[in-house]
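Hello,

Here is the structure you are taking over. Please open it next to this message, as my notes on it follow below.

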Amino acid sequence: MTAVAQKTALTGCLAPIDKQGLEQLIANGKANPKVIKTLKCKTVAEGKFRHANYIRNLAPYIVDEPPGLLGDDTAPNPSEASLAALGSCLAVGLHANAVHRGWTVNKLELELEGDLNITAVWGTGDVSEKPVGFTDVRVKVDMECEGVPKSEIDALVAHVKKWSPVANTFTRPVNLEVNAS
């Protein structure tokens, strides 16, 4: 085991991120604040409600439904995957901002839960007027940083929520086009 790995294992510290790389990303963002990056995903139905999602050159990211929604329970369902995306985006923002501030992060865990009405059964069930999708999402952040008071961590959480791309996707309207090819 390397010295860094031993220190990480003994202190509970998160694996370090490249601070110079982070500072370069910050500088690039400030130099060109209007740049837009297009992300891509190809979703391929595999059978039943299981789908393989191809992103960059990564192994497929699988999405499925639980047995109660007629799936095989082999992976998160789409709504759970969106919670995972939100949690991961917030965690990245918290970690990056803490490192940027010179904080040592000893613990970073987020618990997410969301409420949604599924009686419409993807538009085949009760299609009476009601909200579709999450109506409420709750995130609990458990973050510990050496020598950093809770009030500063609370302020960081609020800052990260404001600047998280996925949190903003959850909280503001997005232009969405869905067309048959």
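Two aromatic pairs turn up in this predicted model. The rule is that rings of Phe, Tyr and Trp (its six-membered ring) pair if their centres lie within 6.5 Å; planes under 30 degrees apart are stacked, over 60 edge-to-face, and the rest tilted. Phe-49 and Trp-122 make a tilted pair, because their ring centres are 4.9 Å apart and their planes stand at 50°. Phe-49 sits in the loop between strand S1 (42-47) and strand S2 (50-54), and Trp-122 in the loop between strand S4 (105-117) and strand S5 (133-145), so the pair ties together parts 73 residues apart in sequence. The other pair, Phe-134 and Phe-170, has centres 6.1 Å apart and planes at 25°, so it is stacked. This pair also links distant parts of the chain: Phe-134 is in strand S5, Phe-170 is in helix H5 (residues 165-171), and 36 residues separate them.

How open are these rings? Here I use relative accessible area: buried is under 20%, exposed is over 50%, and partly exposed is in between (1.4 Å probe, protein chains only). Phe-49 is partly exposed at 31%. Phe-134 is partly exposed at 22%. Phe-170 is partly exposed at 32%.

Some ground rules. Residues are numbered from 1 along each chain as its sequence is written, and side-chain values use heavy atoms, with hydrogens and water left out. As this is a predicted model, local features need pLDDT of at least 70 and side-chain atom pairs count only at pLDDT 80 or more, while totals for chains, interfaces and linings use all residues.

Now the overall layout. The protein has five helices and five strands. Both are DSSP runs, numbered from the N terminus: helices are H or I with at least four residues, strands are E with at least two. From the N terminus on, the order is α-α-β-β-β-α-β-β-α-α. The C-alpha trace spans about 55 × 40 × 35 Å along its principal axes. Of the 181 residues, 22% are buried.

Strands pair if DSSP finds at least two bridges between them. S1 and S2 pair in the antiparallel sense, over five bridges. Lys-42 stands opposite Tyr-54 in S2. Two residues lie between the strands of this hairpin. Lys-48 is in that loop. Its phi is near 50°, a positive value in a residue other than glycine. Lys-48 is exposed, at 60% relative accessible area. Trp-122, in the loop between S4 and S5, has a positive phi too, near 60°.

Two helices deserve a look. Helix H2 (residues 19-31) has 13 residues and reaches 18 Å from its first C-alpha to its last, close to the 18 Å expected. The expected span is 1.5 Å times one less than the number of residues. Asp-18 caps the N-terminal end of H2, with a side-chain oxygen 3.1 Å from the backbone nitrogen of Gln-20.

Helix H3 (residues 78-100) holds Asn-97. The 23 residues of H3 should span 33 Å, and its end C-alpha atoms are 33 Å apart, which agrees. Asn-77 caps the N-terminal end of H3: a side-chain oxygen lies 3.0 Å from the backbone nitrogen of Ser-79. Gly-102 follows H3 and has a positive phi, near 85°.

What does the side chain of Asn-97 contact? It makes a polar contact with the side chain of His-159, at 3.4 Å. A polar contact is a pair of N or O atoms within 3.5 Å; within protein, one must be able to donate a hydrogen and the other to accept it, and residues adjacent in sequence count only if both atoms are side-chain atoms. A polar atom of the Asn-97 side chain also lies 2.8 Å from the backbone oxygen of Gly-93. Asn-97 is buried, at 19%.

How many disulfides does the structure hold? A disulfide needs two cysteine sulfur atoms within 2.5 Å. For Cys-41, the closest cysteine sulfur is in Cys-89, 16 Å away, too far for a bond. Cys-41 is partly exposed at 46%, whereas Cys-145 is buried at 8%.

Best wishes
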